[in-house]
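Hi,

Here is the structure I promised to pass on. Have a look at it first, and then read my notes below.

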Amino acid sequence: MTHSLLSPTATLLVGSLRAAIAGGGDDAAVAARVSRTLEGHLTDPFLLSATQREPDPNAYRQHVLHVEPDGSFSVVALVWLPGQETCIHDHVSWCVVGTYVGEEEETTYRLRGDRLIPLRVNKTPEGVASYLVPPGDIHKVCNNSSSVAISIHVYGADVSILGTSIRRRYDQPVSGR
């Protein structure tokens, strides 16, 4: 599904992402190219409309911006109010995340037996993109700041069919290293 409400600059982003993905290679190579491509668009103040920046008072809000007609990738804006977070999860495909407004905090985990072990906390400031490639991409994302955060996510999957990029939610207890 291609949304007709994309701004001209978001339309340029989608074209650039299409070219980055068409370059081929393994998932890590594709995700690295997509990350560099997305980072080049994160400072554009016209990338998202006012509607695409709207939060939800109860949970982070997902705005699907674009799904490639062949299902090869999706572009989503996530809007986070202070304190909002995801569950601990992993993904069905590679995932690129770029912070558009504010700052996101990501905690990564390793599964050891029936427990999750926190590995590190990464803070991603405005204008910076990073990527994850399964397996081994167990993490949680939150907005620990006092203002709204907005991130742009590119997934190597069709979220219009899947409804989400999450493969599995982890409910195991978290313990120290």
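Let's start with isoleucine 161, which is exposed because its relative accessible area is 69% (buried means under 20%, exposed over 50% and partly exposed in between, using a 1.4 Å probe and protein chains only). Isoleucine 161 sits in helix H3, residues 159-162 (helices, H or I, are DSSP runs of at least four residues and strands, E, of at least two, numbered from the N terminus).

Some housekeeping: this is a predicted model, where local features need pLDDT of at least 70 and side-chain atom pairs count only at pLDDT 80 or more, while totals for chains, interfaces and linings use all residues. Residues are numbered from 1 along each chain as its sequence is written, and side-chain values use heavy atoms, with hydrogens and water left out.

Now for the histidines. UniProt, in an unreviewed entry, puts a "binding site" at His89, His91 and His139 (positions follow the numbering used here, feature names are shortened, and annotations may be inferred rather than shown by experiment). These span 51 residues in sequence, yet no two of their C-alpha atoms are more than 9.4 Å apart, so they gather at one spot.

Is histidine 91 buried or exposed? Histidine 91 is buried, with a relative accessible area of 4%, and it belongs to strand E3. Its side chain makes a polar contact of 3.3 Å with the side chain of histidine 89 (a pair of N or O atoms within 3.5 Å; within protein, one must be able to donate a hydrogen and the other to accept it, and residues adjacent in sequence count only if both atoms are side-chain atoms).

Histidine 139 is found in strand E8 and also counts as buried, at 4% relative accessibility. Leaving aside neighbours within four places in sequence, histidine 139 is in contact with several residues, including His89, His91 and Glu106 (contact means heavy atoms within 4.5 Å).

What lines the largest cavity? Among the lining residues are Cys95, Glu106, Tyr131 and His139 (on a 1 Å grid over the protein atoms alone, a cavity is a set of points where a 1.4 Å probe fits but cannot get out, and lining residues have an atom within 4 Å of a point). By class, this lining divides into five nonpolar, four polar and three charged residues (Ala, Val, Leu, Ile, Met, Phe, Trp, Tyr, Cys and Pro count as nonpolar, Asp, Glu, Lys and Arg as charged, and the others, Gly among them, as polar).

Cheers

Conventions. 1 Å grid on protein atoms, 1.4 Å probe; cavity = no way out; pocket = protein on both sides within 12 Å on 5 of 7 lines; lining within 4 Å.
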